[in-house]
Amino acid sequence: MEIFNKINDWRAKLFVWIGLPVIAGIGLLLGAGDLGPAWQAKGGGGTTGTFTAVSEECSRRSCTWHGDFVADDGAKRADVILYDAPDTLSTGETAPALDSGARKGVFAAAGGSTWLLVTALTLAGLVAAVAWVLFLTHTVRRRRAQNEALPEPVDRT
């Protein structure tokens, strides 16, 4: 039974000291930068324009459209991602889009759930960061208390 406690303790330590900082870093770095633009696009804000599909990149679970965005005022962004792309989009076709300042892309004007994904990613990063800081301060306080509880060395001079 003691071996199982050691394994669980080892896994917990690995998660706390490596997993939480990694989750916090990924969540905050990838999510926080696009949180404002995603929510702005969700509300219909941003510069309106047209996205032209150039290429589609697919992984096991999803596909992402890359292309060019031309705002109604003539401003252009090349090689951007269309978040929440319509299922019927194909190469060379266009779709109405909103540029709300996301780093790598624009959002389909019809809307979608990217705002939810970005929010969840940011919140997960924030929770992981707070939890890691709490574990770190708890560990430091516990070690200080243990050091203070140690008996003073006897001076034999």
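What radius of gyration does the chain have, and what would a compact globule of 157 residues have? I began my notes with this question, and I keep in mind throughout that the model is a predicted one.

**Entry 1, overall form.** I found that the chain has a radius of gyration of 24 Å, whereas a compact globule of 157 residues would have one near 15 Å. I then looked up the box filled by the C-alpha atoms, which along the principal axes comes to roughly 85 × 35 × 25 Å. Of the 157 residues, 26% are buried. When I turned to the contacts with a separation of 6 or more, I noted that 59% of them come from residues 24 or more positions apart.

**Entry 2, elements.** I counted 2 helices and 5 strands in the chain, and reading along the sequence I wrote down the pattern α-β-β-β-β-β-α.

I followed strand β2, residues 63-71, to its pairing with strand β3, residues 76-83, and found the two antiparallel and joined over 5 bridges. Within this pairing, Gly67 is placed opposite Val80 of β3. The two strands form a hairpin with 4 residues between them, and in its turn I noted Gly74, whose phi is positive at about 100°. I also looked at how β3 meets strand β5, residues 105-108, and here the strands run parallel and are joined by 3 bridges. Here Ile81 has Gly105 in β5 as its bridge partner.

I next asked which residues lie closest to the centre of the largest pocket. The pocket has a volume of about 680 Å³, and of the 22 residues that line it, Thr64, Ile81, Tyr83, Thr114 and Leu117 are the closest to its centre. The helices α1 (2-42) and α2 (114-149), together with β2 and β3, each supply at least two residues of the lining, and α2 gives the most, with 4 residues. By type, I recorded 12 nonpolar, 4 polar and 6 charged residues in this lining.

For the second largest pocket I noted a volume of about 240 Å³. Its lining includes Asp9, Lys13 and Trp17, as well as Phe135, His138 and Arg142. Both α1 and α2 supply at least two residues each, with α2 again giving the most, here 6 residues. This lining divides into 4 nonpolar, 3 polar and 4 charged residues.

How values were computed
Residues are numbered from 1 along each chain as its sequence is written. This is a predicted model: local features need pLDDT of at least 70, side-chain atom pairs count only at pLDDT 80 or more; totals for chains, interfaces and linings use all residues. Side-chain values use heavy atoms; hydrogens and water are left out. Two strands pair if DSSP finds at least two bridges between them. On a 1 Å grid over the protein atoms alone, a cavity is a set of points where a 1.4 Å probe fits but cannot get out, and a pocket is an open set with protein on both sides within 12 Å along at least five of seven lines; lining residues have an atom within 4 Å of a point. Grid points are joined across faces, edges and corners, and a volume is the space filled by probe spheres set on the points. Ala, Val, Leu, Ile, Met, Phe, Trp, Tyr, Cys and Pro count as nonpolar, Asp, Glu, Lys and Arg as charged, and the others, Gly among them, as polar. The radius of gyration is taken over C-alpha atoms; the globule rule is 2.2 Å times the number of residues to the power 0.38. Buried means under 20% relative accessible area, exposed over 50%, partly exposed in between (1.4 Å probe, protein chains only). Contact means heavy atoms within 4.5 Å.
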